[in-house]
Amino acid sequence: MEFAHDTQIVLAAAASLVNTASTETDVLDGQEAFDAWLDGQPYTGDRAHTEAERRSVRDLRERLAALWPAPDRDGEPDRDRTVELVNDLLDETDARPHLARHDGWDWHLHVTPRRAPLAHRIGAEVAMAVADLVRGDDLSRLRRCAGDDCDAVLVDLSRNRSKRFCDTGNCANRAHVAAYRARRARATG
Ligand SMILES: [Zn+2]
Ligand SMILES: [Zn+2]
């Protein structure tokens with residue numbers, strides 16, 4: 001299955017949001033940090049710049065984390081539970097999918113009006129993107145980083161499903177170094 005460009009962007013942004021929960025300083029704790037983080041994200045439309053907005057995004061972040069397998073469990077997320085969350089989000093956010101073209105982006109899916117609250121826009125877009133995964137039975141593409149001591153979530157939309165490490169840390173690098181050291185220790189042992 002080929003994934004639409006906007007599906008990829010939305011899922012990557014969702015992973016990025018979920019991963020902010022486990023960084024040393026939470027970008028949702030302060031308005032400035034949150035604004036700076038949001039500037040690097042693909043969301044367009046109105047922003048309230050209020051504490052209430054941050055709170056609603058924080059609530060959403062907790063719910064979106066459930067799209068990924070629990071940190072201590074392998075395997076893929078529960079499909080039926082995911083469907084429940086997707087449908088709840090589409091319902092709560094009053095999703096009305098339509099195609100939009102703006103700011104240099106070609107036609108892509110918008111799920112809520114530009115004036116909808118930020119948490120609704122994020123929630124609805126993630127719900128639509130995850131709906132793609134559910135329909136293609138592709139939920140296993142939402143997984144946890146294979147790095148030691150790393151619980152970051154990732155999205156693997158690669159053709160050969162080869163992505164094992166998150167984008168947040170240096171996990172792929174550290175794993176390669178550890179494997180190299182282990183090989184060398186065996187060789188010289
Ligand atoms: Zn757009
Ligand atoms: Zn990692």
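Where is D80 found? Hi everyone, let me start there. D80 is found in helix α4, and keep in mind throughout that we are looking at a predicted model.

Let me stay with D80 for a moment. D80 counts as exposed because its relative accessibility is 61%, and the cut-off for exposed is over 50%. In sequence D80 and V134 are 54 residues apart, while in space their C-alpha atoms are 9.2 Å apart.

Together with D78, E84, D88 and D91, D80 gathers in a patch of negative charge. D91 sits in helix α4 too, which covers residues 79–92. And is D91 buried or exposed? With 61% relative accessibility, D91 counts as exposed.

Now to the metal. The model holds a zinc ion, ligand 1, and three histidines coordinate that ion: H102, H108 and H110. Each of them uses NE2, at 2.0 Å. If you like sequence patterns, the zinc donors are spaced along the chain as H-x5-H-x1-H. What about the cover over these residues? H102 has a relative accessibility of 16%, so H102 counts as buried, the limit being under 20%. H108 is buried as well, since its relative accessible area is 13%.

L99, W107 and L109 make a nonpolar surface patch of about 320 Å². Of these, W107 lies in strand β2, residues 105–110.

On to salt bridges. How many salt bridges does the count come to? The count comes to 13. I'll walk you through a few of them.

Take R47 and D39 to begin with. They form a salt bridge whose closest N and O atoms are 3.2 Å apart. D39 counts as exposed, at 57% relative accessibility. R47, in contrast, is at 28% and counts as partly exposed, because that value falls between the 20% and 50% limits.

Then there is R135 with D132, where the closest N and O atoms are 2.7 Å apart. Both residues lie in helix α5, residues 118–135, and they are three residues apart, about one turn of the helix.

Let me turn to the loops and the backbone, where a couple of torsions are worth a look. Phi of H49 is near 55°, a positive value in a residue other than glycine. H49 lies in the loop between α2, residues 31–39, and α3, residues 51–65. H49 counts as partly exposed, at 43% relative accessibility.

D94 is another one: its phi is positive, about 55°, although D94 is not a glycine. You will find D94 in the loop between α4 and β1, the strand at 98–102. D94 counts as partly exposed, with a relative accessibility of 43%.

One last stop, and that is P71. This proline has its place in the loop between α3 and α4. At 47% relative accessibility, P71 counts as partly exposed; it stays out of the exposed class because that class needs over 50%. How far is P71 from V57, C-alpha to C-alpha? Along the chain they are 14 residues apart, and their C-alpha atoms are separated by 21 Å.

To recap the two places I'd open in a viewer: the zinc ion with H102, H108 and H110, and the negative patch that includes D80 and D91.

Definitions and conventions:
Residues are numbered from 1 along each chain as its sequence is written. Chains are lettered from A and ligands numbered from 1 in the order in which they are written. This is a predicted model: local features need pLDDT of at least 70, side-chain atom pairs count only at pLDDT 80 or more; totals for chains, interfaces and linings use all residues. Side-chain values use heavy atoms; hydrogens and water are left out. Patches are made of residues with over 30% relative accessible area and no salt bridge: like charges are joined within 9 Å, nonpolar side chains (Val, Leu, Ile, Met, Phe, Trp, Tyr) within 5 Å. Accessible areas come from the Shrake-Rupley method with a 1.4 Å probe; for residues, only the protein chains shown count as cover. A salt bridge is a side-chain nitrogen of Lys or Arg within 4 Å of a carboxyl oxygen of Asp or Glu. Lys and Arg count as positive and Asp and Glu as negative; His and the chain ends are not counted. The place of a charge is taken as NZ of Lys, CZ of Arg, CG of Asp or CD of Glu. Helices (H or I, at least four residues) and strands (E, at least two) are DSSP runs, numbered from the N terminus. Buried means under 20% relative accessible area, exposed over 50%, partly exposed in between (1.4 Å probe, protein chains only). Donors are N, O and S atoms within 2.8 Å of the metal (3.2 Å for Na, K and Ca); water is not among the atoms, so sites may look incomplete.
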